[in-house]
Amino acid sequence: MSGFKKLYDKAVAMDRVNVDTDQIIPKQFLKRIEKTGFGRFAFFDWRYLKNGEPNPEFELNQPENQGASILIANKNFGCGSSREHAPWALQDFGFSVVIAPSFADIFYQNCLKNGMLPIQLQTDEVEYLLKAAQSQPYFLDINLEDETVEDDQGFSTSFSIHPYWKKMLINGWDEIEITLQYSDKIAEYENKTISK
């Protein structure tokens, strides 16, 4: 994974509560074994009409909302079943940050483990962002090192993230990569165990 310190990019709004993982990536697309390629199926039931054509009513299909890497969502984002495919789909769609007032716990952890930054802000702050993002283009400045979110219109706030996950995201490490940093100690332990 690549490291994440700062991001200044376009943000779009999805003003829906309780967006569950089956909407983020419907169950019929979970048969793939790769981590990539899920973006075309993200929000599938909302993005497409029954005839397969793009749904012009869906917010992320709007021309002005194309090309964003920051998703502003509403309460309880990522609820529902525990599927790591949800952050994979969001990332493959182009998002690297999701901002919401609250997240489902497992979804939140799955984001962090896959190099995506979930930012939890106060409800009134997210309401401001959801409204501001209705006027496109709308850009946010995300600073993970300082734990801040700002826009070009005077909005500024801070967020918190566990130091472990902050370090992991900044360095672009996943849990396998951080384990491999202790490969010498692991080998030393294994050699001691085998020799007994």
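## Helix contact, core and loop residues

In this predicted model, Ala86, Pro87 and Leu90 of helix α3 meet Phe107, Asn110 and Cys111 of helix α4. The residues of this contact divide into five nonpolar, one polar and no charged. The axes of α3, which spans residues 85-93, and of α4, which spans residues 105-113, come within 8 Å and cross at roughly 55 degrees; the two helices are therefore oblique to each other. The crossing in which α3 passes α4 is right-handed.

Leu90 of α3 is also one of the residues touched by Phe43. Phe43 itself belongs to the largest nonpolar core, a set of 61 residues in which Phe43, Phe77 and Ile99 have the most contacts. When residues up to four places away in sequence are not counted, Phe43 touches Met14, Val19, Gln23, Ile24, Phe58, Leu60, Leu71, Phe77 and Leu90.

The backbone of Phe43 also deserves a look. Most residues other than glycine have a negative phi, and most peptide bonds are trans. Phe43, although not a glycine, has a positive phi of about 55 degrees, and Asn76, likewise a residue other than glycine, has a positive phi near 60 degrees. Phe43 is placed in the loop between α1 (21-24) and α2, while Asn76 lies in the loop between β2 and α3. A cis peptide bond, with omega about 0 degrees, joins Gln136 and Pro137, and Pro137 lies in the loop between α5 and β5.

| Residue | Relative accessible area | Class |
|---|---|---|
| Phe43 | 0% | buried |
| Tyr138 | 1% | buried |
| Glu59 | 17% | buried |
| Asn76 | 27% | partly exposed |

Tyr138 is found in the loop between α5 (123-132) and β5 (139-143), the loop in which Pro137 also lies. Leaving aside neighbours within four places in sequence, Tyr138 is in contact with Asp9, Lys10, Ala11, Ile72, Tyr128, Leu129, Ala132, Ala133, Asp151 and Gln153. The C-alpha atom of Tyr138 is separated by 9.2 Å from that of Ala68, a residue 70 places apart from Tyr138 along the chain.

Glu59 is found in the loop between α2 (44-47) and β2 (70-72), and it counts as buried because its relative accessibility of 17% falls under the 20% cut-off. Apart from neighbours within four places in sequence, Glu59 is in contact with Ala13, Met14, Asp15, Arg16 and Asn65. Among these, Met14 is a residue that Phe43 touches as well.

Conventions:
Residues are numbered from 1 along each chain as its sequence is written. This is a predicted model: local features need pLDDT of at least 70, side-chain atom pairs count only at pLDDT 80 or more; totals for chains, interfaces and linings use all residues. Side-chain values use heavy atoms; hydrogens and water are left out. Axes are lines fitted to C-alpha atoms, for helices over the stretch in contact, and angles run from 0 to 180 degrees between N-to-C directions. Helices (H or I, at least four residues) and strands (E, at least two) are DSSP runs, numbered from the N terminus. Angles under 35 degrees count as roughly parallel, over 145 as roughly antiparallel, 65 to 115 as roughly perpendicular and the rest as oblique. A crossing is left-handed if the near helix is turned anticlockwise from the far one by less than a right angle, and right-handed if clockwise. Contact means heavy atoms within 4.5 Å. Ala, Val, Leu, Ile, Met, Phe, Trp, Tyr, Cys and Pro count as nonpolar, Asp, Glu, Lys and Arg as charged, and the others, Gly among them, as polar. A nonpolar core is a set of buried Ala, Val, Leu, Ile, Met, Phe, Trp, Tyr and Cys residues joined through side-chain atoms within 4.5 Å. Buried means under 20% relative accessible area, exposed over 50%, partly exposed in between (1.4 Å probe, protein chains only).
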